[in-house]
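Dear colleague,

Please find below the structure that I am handing over to you. I would be grateful if you could read the notes that follow alongside it.

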Amino acid sequence: MYLGALFAQYPVLLPIVAGLFGLVIGSSLNVVIHRLPVMLERGWRQQCQEMLGTPDTELQAEAFNLVVPRSRCPHCGHAISAWENIPVLSFLWLKGRCAECKRPISRRYPAVELLTAILSALVAWHFGWHPATAAALLLIFGLIALTFIDLDHQILPDVITLPFLWLGLAVNLFAVFTDLHSAVIGAIAGYVSLWLVFHAFKLATGREGMGFGDFKLFALAGAWLGWKMLPLVILFASLVGAVVGIAYLALTGGDRRQPIPFGPFLCAATLVALLWGEQMVHAYLRFAHIPL
């Protein structure tokens with residue numbers, strides 16, 4: 001009650017707290033983004049080697065997960081100390097370079113931390129002191145991890161998409177963002193719709209236009225936001241994806257056959273629908289003179 005009254009009296013305080021919390025989580029998300037694909041690849045290799053009867057004992061003995069080994073400079077192997085790992089501040093203090101070898105540190109790290117902080121503050125400002133804020137923050141963290149993993153490796157790991165899909169259904173047991181009926185239909189419709197598009201495109205062209213991870217990510221959006229938001233999510237993702245893809249090809253002269261990950265656009269569209277979806281849908285219905 002005290003915290004609720006405090007945040008009600010000082011509305012700007014909650015976004016500030018959420019933003020600082022987002023900075024810390026952003027640092028952890030950098031670890032997930034970097035290590036999870038490596039962990040998956042190592043697991044796949046180990047499974048293949050076990051099937052072939054040639055297990056890699058060195059690979060099995062070496063611990064590699066989200067906790068160990070300790071973070072190190074990719075150039076010189078310098079172990080990152082606690083003071084070198086303070087979100088954003090350490091990057092600025094070190095002037096973007098390793099404390100040991102002075103090689104540049106990727107700007108991706110502070111960028112992810114700042115992005116997580118900004119979106120966390122935005123979510124807190126939008127929903128206020130409400131259970132929806134905590135749920136939305138969890139969703140935002142998952143979407144950020146999926147976005148950068150897909151950009152780097154063009155995969156959307158099931159270990160993120162599937163738990164978050166189920167979490168969306170669990171959250172909407174309490175009708176936080178939509179009712180459970182709409183959430184279940186949204187999850188089904190999200191998966192099936194892109195599954196049908198995938199197979200129709202493959203039949204027409206003989207090529208695969210997207211990955212199965214996109215189906216699950218769209219189902220995730222439906223589970224969190226309900227089926228009514230799916231047209232907005234797919235329309236926004238497709239429109240922005242098309243614009244970015246055309247601009248990328250025009251600026252770089254890249255190969256049109258080079259795949260561009262669709263996951264980041266679905267994640268961005270899900271965020272937009274989470275924060276402003278209802279207002280956008282109502283504005284469109286009023287513009288089209290369709291009764292609400």
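**Backbone features**

Gln154 lies in the loop between α6 (131-153) and α7 (158-171); helices here are DSSP runs of H or I with at least four residues, strands are runs of E with at least two, and both are numbered from the N terminus. Please note that this is a predicted model, in which local features need pLDDT of at least 70 and side-chain atom pairs count only at pLDDT 80 or more, while totals for chains, interfaces and linings use all residues. Residues are numbered from 1 along each chain as its sequence is written, and side-chain values use heavy atoms, with hydrogens and water left out.

Most residues other than glycine have a negative phi, and most peptide bonds are trans. Gln154, although not a glycine, has a positive phi of about 55°. The residue is partly exposed, at 42% relative accessible area; the term covers values between buried (under 20%) and exposed (over 50%), with a 1.4 Å probe and protein chains only. Lys95 also has a positive phi, near 55°. Lys95 is found in the loop between α4 and α5 (108-127), and it counts as exposed at 72% relative accessibility. The peptide bond from Val68 to Pro69 is cis, with omega near 0°. Pro69 sits in the loop between α3 (57-61) and α4 (89-93).

**Salt bridges**

Side chains of opposite charge can pair when their charged atoms come close. With a salt bridge taken as a side-chain nitrogen of Lys or Arg within 4 Å of a carboxyl oxygen of Asp or Glu, the count comes to 3.

In one of them, the side chains of Asp152 and Arg108 meet at 2.9 Å, N to O. This pair links distant parts of the chain, since Asp152 belongs to helix α6 and Arg108 to helix α5, 44 residues apart. Asp152 is partly exposed at 39% relative accessibility, and Arg108 is partly exposed at 27%. Arg108 and Asn30 are 78 residues apart in sequence and 8.4 Å apart in space, C-alpha to C-alpha.

Asp158 and Lys216 form a salt bridge with an N to O distance of 2.8 Å. Asp158 is in helix α7 and Lys216 in helix α9, so this pair ties together parts that are 58 residues apart in sequence. Asp158 is partly exposed at 34%, whereas Lys216 counts as buried at 16%.

Lys202 pairs with Glu208, the closest N and O atoms being 3.6 Å apart. Lys202 is partly exposed, at 37% relative accessibility, and Glu208 is exposed, at 52%.

**Pockets**

Rolling a probe the size of a water molecule over the atoms shows where empty space is left. A pocket is an open set of points on a 1 Å grid over the protein atoms alone, where a 1.4 Å probe fits and protein lies on both sides within 12 Å along at least five of seven lines; its lining residues have an atom within 4 Å of a point. Grid points are joined across faces, edges and corners, and a volume is the space filled by probe spheres set on the points.

The largest pocket has a volume of about 980 Å³. Its lining holds 37 residues, of which Gly209, Met210, Pro259, Ile260 and Phe262 are the closest to its centre. Two or more lining residues come from each of α2 (13-51), α8, α9 (212-225), α10 (230-252) and α11 (263-287). Helix α10 gives the largest share of this lining, 7 residues.

The second largest pocket holds about 800 Å³ of space. Of its 33 lining residues, Ser71, Arg72, Ile80, Asn85 and Tyr109 are the closest to its centre. Helices α2, α4 and α5 each give two or more residues to the lining, with the largest share, 5 residues, coming from α2.

**Surface patch**

A nonpolar patch on the surface, with about 870 Å² of accessible area together, is formed by Leu173, Phe174, Leu180, Val184, Ile188, Val192, Trp195, Leu196 and Phe212. Patches consist of residues with over 30% relative accessible area and no salt bridge, like charges being joined within 9 Å and nonpolar side chains (Val, Leu, Ile, Met, Phe, Trp, Tyr) within 5 Å. Accessible areas come from the Shrake-Rupley method with a 1.4 Å probe, and for residues only the protein chains shown count as cover. Helix α8 (residues 180-205) gives the most to the patch, with 6 residues. Leu180 is found in this helix and is partly exposed, with a relative accessible area of 31%.

With kind regards
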